[in-house]
Structures are given as C-alpha cells and as structure tokens.
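Welcome, and thanks for taking a look at this one with me. Please have the sequence and the 3D view open side by side while you read.

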Amino acid sequence: MKDTSKHQGLRNQLIALLKEKGIIDKSVLIAIQKIPRHLFLNSSFEDYAYQDKAFPIGAGQTISQPYTVAFQTQLLEVKKDQKILEIGTGSGYQTAVLCLMGAKVYSVERQNELFKQTSVLLPKLGIRPKHLSFGDGYKGLLNHAPFDSIIVTAGAPIIPQTLMAQLKIGGRLVIPLGEEKQIMTLLIRKNETQFEKHEFGDFKFVPLLENKN
C-alpha cells in the first residue's frame with residue numbers, strides 16, 4: 001500500500017483542476033490532497049486514480065469522481081466534531097474525506113462485499129469512522145440520530161422521510177435526486193416541520209435501492 005511522491009504530484013494536479021471547477025472550501029481541498037485515492041481502487045486503475053473520473057469498485061457500484069465528492073462535501077459545510085451520516089459507504093473514499101476534515105462519521109453500506117472491504121481498508125490507512133454498518137440506507141441510523149449533516153452518495157427518486165427526520169434543526173442533507181440523472185439537492189432543516197431546498201445542477205450516480213441488502 002504505497003503512496004509515493006508521484007502520487008502526491010498527481011493529487012496536486014487534481015487539486016488545481018478542482019479549484020478551476022469552482023471548489024473553494026480549503027478543508028475539502030486539503031483532505032483530497034492528502035488521501036491516497038489510488039488505494040481505494042482496483043490496482044488495475046491505479047494509473048487513472050487521479051483523473052476526475054468515476055470508476056467501478058465491485059458489486060455494481062462506483063467510486064464517484066473527485067469533483068462530485070468535493071462538490072457534495074463542500075455543500076455540507078463540515079465543521080470539526082460534527083456528527084455526519086453517510087448513506088452508501090462504497091469504497092470508503094468519501095468517508096475518508098469526511099474523517100480527515102474532523103467529522104464523526106456514521107456510514108451505512110448495503111453491499112456486504114463492499115462493507116467488508118471498507119471495514120478492513122480504512123483502519124489500515126489510519127482512518128477511523130465512528131461507526132460503519134451493513135444495512136439499508138433508506139432507514140438511516142435511528143439509534144445514532146440526530147445528525148448535524150447527512151450525505152447520500154447514490155441517486156434517489158425521492159428524499160427518504162426517515163433521513164429528514166434524523167437531521168438536527170439547522171442540519172444539512174445533501175442528496176442527488178432523480179431516476180436517470182440526478183439534480184444535486186441540498187435541504188436545510190429550519191424547524192420541526194420546515195426544510196429549505198436548494199438545487200445545484202445535474203450529476204450521475206448509481207441508484208439508491210430500498211430493502212435490497
């Protein structure tokens with residue numbers, strides 16, 4: 001599990017590209033600059049790990065392109081020690097970004113194969129989320145709620161009510177909404193019953209499936 005100066009050089013190029021594309025949150029950029037993304041991919045993709053592209057990671061899932069990870073994370077406005085719920089652990093790369101930013105990350109993955117891989121990989125890299133679980137992301141993690149923020153890393157046809165209910169007042173929920181392609185959507189919880197909604201253009205994600213683990 002090597003991370004070389006060549007890899008660091010490629011990450012520096014990636015950071016320059018993300019800045020060009022409008023990522024301005026310094027803590028997001030610092031985290032992406034530090035994390036060896038090539039270690040989250042199949043070694044056959046290693047040469048492409050720092051291109052701004054999504055790649056397959058097994059179980060029909062993908063690791064999102066770095067810009068998408070950066071964009072979603074920037075919308076969360078992460079503060080140190082915040083409790084963040086991640087729906088769709090996947091490769092663990094987004095989890096790692098949030099952990100490096102000082103968040104207490106609770107993550108749910110519905111693919112057992114990916115859950116097992118990530119549970120082994122993250123500690124090897126010195127990354128320790130508060131809680132990794134195998135389960136249905138639609139249900140969230142009621143036992144650990146409420147959360148300061150919730151990030152969903154799969155395309156959802158609707159915003160699950162269960163997730164909205166697990167968000168603190170003032171909390172932020174970032175979710176790609178739609179069937180074929182998705183609109184990145186931010187909900188900010190104003191009070192018990194009201195949410196403020198913002199939309200941020202088209203993205204493409206694998207679908208968020210319910211009761212499918």
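1. A word on the source before anything else. What you see is a predicted model, so please read each point below as a description of that prediction.

2. Let us start with helix H1 (residues 5–20) and helix H2 (26–34). The axes of H1 and H2 come within 8 Å of each other and cross at roughly 155 degrees. An angle over 145 degrees counts as roughly antiparallel, and H1 is therefore roughly antiparallel to H2. The crossing of H1 past H2 is right-handed. On the H1 side the contact is made by Gln8, Arg11, Asn12, Leu14, Ile15, Leu18 and Lys19, and on the H2 side by Leu29, Ile32, Gln33 and Lys34. Sorted by class, the residues of this contact of H1 with H2 are 5 nonpolar, 3 polar and 3 charged.

3. The second pair is helix H3 (residues 66–76) with helix H4 (residues 93–100). Their axes approach within 11 Å and cross at roughly 40 degrees, an angle that makes H3 oblique to H4. The crossing of H3 and H4 is right-handed.

4. How many residues of H3 are buried? The count is 11 of its 11 residues, and H3 is described as mostly covered. The buried residues of H3 include Pro66, Tyr67, Ala70, Phe71 and Leu75.

5. Now step just past the end of H3. Glutamate 77 follows there with a positive phi of about 50 degrees, and this positive value belongs to a residue other than glycine. Glutamate 77 sits in the loop between H3 and strand S3. Is glutamate 77 buried or partly exposed? Its relative accessible area is 40%, so glutamate 77 is partly exposed.

6. Aspartate 81 is worth a visit while you are in that region, as it lies in the loop between H3 and strand S3 (83–87). Its phi is positive, at about 70 degrees, although aspartate 81 is not a glycine. With a relative accessible area of 44%, aspartate 81 is partly exposed. Setting aside residues up to four places away in sequence, aspartate 81 touches Gly102, Ala103 and Lys104. For a sense of scale, aspartate 81 and isoleucine 24 are 57 residues apart in sequence, and their C-alpha atoms are 21 Å apart in space.

7. Histidine 38 is in the loop between H2 and strand S1 (55–58). Is histidine 38 buried or exposed? Buried means under 20% relative accessible area, and histidine 38, at 4%, is therefore buried. Its side chain is joined to the side chain of histidine 7 by a polar contact of 3.4 Å. Apart from neighbours within four places in sequence, histidine 38 is in contact with Lys2, Asp3, His7, Arg11, Glu46, Ala49 and Tyr50.

8. Do check the backbone at proline 146. The peptide bond leading from alanine 145 to proline 146 is cis, with omega near 0 degrees. Proline 146 belongs to the loop between strand S5 (131–134) and strand S6 (147–152).

9. My last stop is glutamate 192, in the loop between strand S8 (182–189) and strand S9 (195–203). A residue counts as exposed over 50% relative accessible area, so glutamate 192, at 58%, is exposed. Glutamate 192 and isoleucine 158 are 34 residues apart along the chain, and 20 Å separates their C-alpha atoms.

Conventions: Residues are numbered from 1 along each chain as its sequence is written. This is a predicted model: local features need pLDDT of at least 70, side-chain atom pairs count only at pLDDT 80 or more; totals for chains, interfaces and linings use all residues. Side-chain values use heavy atoms; hydrogens and water are left out. Axes are lines fitted to C-alpha atoms, for helices over the stretch in contact, and angles run from 0 to 180 degrees between N-to-C directions. Helices (H or I, at least four residues) and strands (E, at least two) are DSSP runs, numbered from the N terminus. Angles under 35 degrees count as roughly parallel, over 145 as roughly antiparallel, 65 to 115 as roughly perpendicular and the rest as oblique. A crossing is left-handed if the near helix is turned anticlockwise from the far one by less than a right angle, and right-handed if clockwise. Buried means under 20% relative accessible area, exposed over 50%, partly exposed in between (1.4 Å probe, protein chains only). Contact means heavy atoms within 4.5 Å. A polar contact is a pair of N or O atoms within 3.5 Å; within protein, one must be able to donate a hydrogen and the other to accept it, and residues adjacent in sequence count only if both atoms are side-chain atoms. Ala, Val, Leu, Ile, Met, Phe, Trp, Tyr, Cys and Pro count as nonpolar, Asp, Glu, Lys and Arg as charged, and the others, Gly among them, as polar.
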